[in-house]
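Please read them alongside the coordinates.

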Amino acid sequence: WVCDPGKCCEAVTGRPWAQVEKEMEQDPAKDKAFKSQTQLANYFMAQIDLLALMCFGRSNNCIAWLSKSFGYTTLVSVCLNPRLPANARATFSGLLRALYVDRYPQQPFVGRAALPEQLWIYEWGEAKSNNKGMEIGGQGLPLIRPGLRLEEDGALPSFSIPRDHALMWNPDPFLGFPGHAKFFLVRHFTNKFLELSGGKLVHADKQVNELTSKVLELTQGLLSFGFQSTIQKLEALVPLIVKILDGRNDSEKLQISDGKKTLVGFSPPESRWITSTDSATILPSKIAAIKILMNVADLRANFRLGKLLEVFKKMSDSKEGRLELGKHHCFVLAGKEATYPGPFHAELFDSFEALFVAGDGARMDLSALAGMDVETILLDCIMYEDDELFAQALRCLERTFAQRRALVNALANVTLLHRAEVAVFGGAARLQSRLSYLGSLVRSSEVWGVCSKVSGPFQPESYDYFVETTQLLRAFLLAPELQVESSKFASPPPLRRPSRGHSDEIKEDTPADGSKSTETAASEGALPRPTEQHQDILRAMDFGAILSEALYMDYNLTFMGSICQDSEKMESRRMILESQKSLMELAVLFVSGNPKNQKILMEHLPALRKLMGPFRMPPLAANFDPALKAQLEESVAMPRTGIGTERVVIECLRGNLRLSADAVPRDQLEQMAQLLDQDPDPSDSYIGDFFLVLCEPDGPESALCANQEYAAIVLLAPHLTNIKRCIDFVFSIDEDAEPCAKPERIVELVCALVSHRNLRTAPMLQTSGITTERVLGALNKRSDEAASKGCDWAHDGLFTWLLKLLALQMESLVIDPKLFTRSSTWKVALCDCPYVVRDFLKQHVTPPGIAEQGSTGPAFYSCRAALILAKLVLTNGRALKLVEMEDHYREDAKEVGDLCVEVHQVT
């Protein structure tokens with residue numbers, strides 16, 4: 001009561017505050033006692049603030065522990081009680097938000113990846129056609145439904161627990177409650193408080209301003225989590241919020257005279273914009289109010305997007321509409337869209353514009369909901385001397401005046417499912433439920449994956465669910481698209497984009513769950529090719545956010561002070577470690593060949609880099625079990641172990657020119673080179689792919705000169721002894737160098753450094769000992785070895801890569817004329833190279849129609865290198881007038897010429 005004695009004194013002491021205050025002036029002991037009691041009250045509220053901060057950010061163990069002591073109804077009753085001091089109510093409002101509102105299963109954007117939603121269902125099918133609501137039967141999936149009205153249930157996305165969710169029927173009401181009426185008491189408190197305040201903000205009344213700010217934070221949470229998502233609730237809420245923003249409701253102070261309270265306004269009114277110690281307390285309230293309006297704008301955009309997709313569905317469901325769409329598409333493909341004569345453009349424009357000026361679309365406008373001119377009020381907010389308020393108000397204004405552009409951008413991000421059915425999971429709702437709970441497990445590994453006094457015993461059922469879900473997701477990514485016949489069409493339209501990424505195809509005998517293909521690919525070192533549509537579906541369901549949060553799981557967490565047995569610490573490390581590794585394997589499939597997914601994970605490159613390399617050794621107590629310590633040391637020292645984030649980065653860069661050119665810092669190359677050198681045999685390490693992809697993101701024609709130059713500087717550094725040993729062995733620089741398992745990989749990596757005639761890196765190879773003479777010597781040595789064994793060196797990887805390297809060097813460097821006087825040079829160019837050209841022709845001449853694919857793939861680049869080398873040798877031989885050489889190899893040269901004609905016909 002001492003925090004607000006003017007209001008609480010008489011209720012507590014039975015005497016008015018004026019009398020008690022007079023007594024304290026006369027008695028220093030009473031004054032001292034009052035100050036001590038005030039200090040104690042402030043300390044108590046500081047304790048509550050500390051508890052709220054301990055739970056802030058969804059600290060699951062703290063939430064579970066403290067919710068036993070602070071019940072939901074207790075906290076709500078404290079917040080609702082108008083007789084308590086305002087700052088005490090504000091303090092408990094913060095604890096209420098941290099303990100019960102801002103926690104799982106509540107998620108921002110109403111549990112979606114974004115608003116407007118990115119995944120939409122074209123039609124449910126006959127089994128679901130009699131249901132109502134955009135989110136039918138609690139499925140949580142938006143359906144394109146003709147004639148949708150704002151008053152209908154599910155018109156706006158709201159909180160729900162789908163039937164297939166792991167939390168459905170959970171006995172804890174804060175986990176298992178399925179609908180958006182879950183926090184009725186909190187919503188009643190916030191709306192009632194805002195209604196009674198009437199939007200009045202008194203700058204000098206700091207306690208009430210603090211409570212107002214906390215109430216608005218609660219309101220924003222309820223709206224963002226989907227507990228205010230009906231038009232009736234929005235029409236009740238938005239006017240209250242806009243009144244808070246209206247500067248005309250600001251007052252300088254509250255004056256009390258003869259028991260009457262009078263608001264004293266600012267004079268002049270513009271002085272309210274000036275920042276002072278008093279005005280600083282109202283700024284958080286205005287900022288929170290604008291964020292609430294932005295959440296309303298997200299719901300508005302989602303509703304309009306659904307109405308716009310309804311226009312598409314309406315046209316697609318009619319024969320005339322489908323014909324007109326097809327006609328328009330022909331004009332687009334021909335590049336003559338401007339000359340299209342049909343009615344499609346006008347109909348689409350009229351339907352699009354109607355979303356903003358008429359009907360329910362216009363009803364969702366902020367000014368219409370508030371009954372006030374919101375734009376003018378936001379302009380007033382810009383005048384306040386606060387950077388954050390200025391930025392938020394300007395952002396909201398920009399959103400207001402760019403509604404059409406935002407809707408067009410949202411349409412471009414839509415993934416449209418014909419039916420709510422997907423491979424492996426059966427239903428898209430089941431997939432979404434699995435992902436939602438998987439995300440909660442990723443964020444709460446300190447609960448189920450740690451055994452301690454605070455977190456309790458291990459939860460093996462949660463770990464098993466985690467493992468099972470990751471296995472299903474892997475099968476889903478590798479499974480072919482589910483073909484669903486439409487009730488409206490004979491066959492669905494071919495909406496798939498051309499395939500991207502790896503050139504290797506999935507074999508026809510690949511099972512739907514992808515298990516066999518995965519094992520085969522792992523044994524061959526190749527990455528199985530995921531299905532693009534399934535990557536897009538997972539992105540639309542916010543799987544990228546789950547993967548990014550998995551980067552912050554700590555498999556050594558239990559060693560940081562948990563009170564448990566050493567064996568339990570080891571088990572905790574194993575569970576979290578395996579879970580994190582399985583998600584990184586999924587991340588590789590998620591980003592492979594998908595630029596949008598690649599961009600999502602590359603935004604978390606610093607976190608990916610922290611997990612690179614071998615496993616981290618945890619801090620161990622002095623009395624830690626020696627046998628278990630030995631196990632840890634062995635696992636850390638084991639080569640080629642780790643979480644696997646290196647593969648994620650490699651696949652994020654593969655085929656993505658923009659990310660390869662702009663997203664990789666230079667010290668990343670040094671880090672990867674160190675990891676490559678730590679491998680006992682760098683030629684057999686997948687980390688070499690990082691440099692291959694970085695230099696040639698999408699093949700030799702996409703070579704990035706700056707990346708090639710710095711990669712050459714890093715990889716050719718003498719302190720990287722293992723890499724240098726492999727180079728010395730392959731090019732016979734050091735005859736005593738130990739052999740490497742895959743010398744062709746080393747040559748491939750060197751080729752990537754100089755591809756596309758890089759004139760800067762080619763001389764670096766010469767100075768490092770990889771000279772043209774050594775490459776030529778290695779070629780002759782390899783062809784002699786193959787001839788002696790009766791092998792066809794046209795299929796020998798080392799030979800073909802050495803051939804490419806020699807051609808690249810001869811194209812980029814000034815070659816010593818003596819090189820062309822050697823018979824070995826002519827032998828390689830005119831006797832050995834034709835084998836490579838013939839091999840290319842065998843692959844690409846038959847069957848008919850394959851010629852379009854002839855100018856891509858490894859065989860083509862090997863053929864081209866062989867022809868370039870033959871041309872250079874013949875041209876320089878003629879220029880040097882090497883008549884004897886020309887005569888000796890005349891028949892071979894004629895054969896090369898004939899092969900050139902055939903290659904030209906193919907490519």
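1. Of the contacts in the chain between residues at least 6 apart in sequence, 75% join residues at least 24 apart, a contact being heavy atoms within 4.5 Å. This is a predicted model, in which local features need pLDDT of at least 70 and side-chain atom pairs count only at pLDDT 80 or more, while totals for chains, interfaces and linings use all residues. Residues are numbered from 1 along each chain as its sequence is written, and side-chain values use heavy atoms, with hydrogens and water left out.

2. On the overall dimensions, the C-alpha atoms of the chain fill a box of roughly 125 × 80 × 55 Å along the principal axes. The secondary structure comprises 42 helices and eight strands, where helices (H or I, at least four residues) and strands (E, at least two) are DSSP runs numbered from the N terminus.

3. Buried residues account for 52% of the 907 residues in the chain; buried means under 20% relative accessible area, exposed over 50%, and partly exposed in between, with a 1.4 Å probe and protein chains only. The accessible surface of the chain is about 42,800 Å², and 55% of that surface belongs to carbon and sulfur atoms; such areas come from the Shrake-Rupley method with a 1.4 Å probe, and for residues only the protein chains shown count as cover.

4. Helix H34 (residues 721-730) packs against helix H35 (residues 743-754) at an angle of about 100°, with the axes 10 Å apart, which makes H34 roughly perpendicular to H35. Axes here are lines fitted to C-alpha atoms, for helices over the stretch in contact, with angles running from 0 to 180 degrees between N-to-C directions, and 65 to 115 degrees counts as roughly perpendicular. On the H34 side Cys726, Ile727 and Val730 meet Pro743, Ile746 and Val747 of H35, so that by class this contact has six nonpolar, no polar and no charged residues.

5. The chain has 43 salt bridges, each defined as a side-chain nitrogen of Lys or Arg within 4 Å of a carboxyl oxygen of Asp or Glu. One of them pairs Arg248 with Asp246, the closest N and O atoms being 2.7 Å apart; Arg248 is exposed at 66% relative accessibility, whereas Asp246 is buried at 8%.

6. Which residue forms a salt bridge with Glu353? The partner is Arg404, with the closest N and O atoms 2.7 Å apart, and because Glu353 lies in helix H13 (residues 344-357) and Arg404 in helix H18 (residues 403-412), the pair ties together parts that are 51 residues apart in sequence. Both ends are partly exposed, Glu353 at 22% relative accessibility and Arg404 at 35%.

7. The side chains of Glu549 and Arg443 also meet in a salt bridge, at 2.4 Å from N to O. This pair links distant parts of the chain, with Glu549 in helix H24 (residues 543-550) and Arg443 in helix H19 (residues 428-443), 106 residues apart. Glu549 is partly exposed at 30% relative accessibility, and Arg443 is partly exposed at 28%. Elsewhere, salt bridges that share partners join Arg149, Glu151, Glu235, Asp360 and Arg363 into one network.

8. Leu478 belongs to helix H21 (residues 460-478) and is buried, with a relative accessible area of 3%. The C-alpha atoms of Leu478 and Arg529 are separated by 6.7 Å, although these residues are 51 residues apart along the chain.

Technical notes
Parallel < 35°, antiparallel > 145°, perpendicular 65-115°, else oblique.
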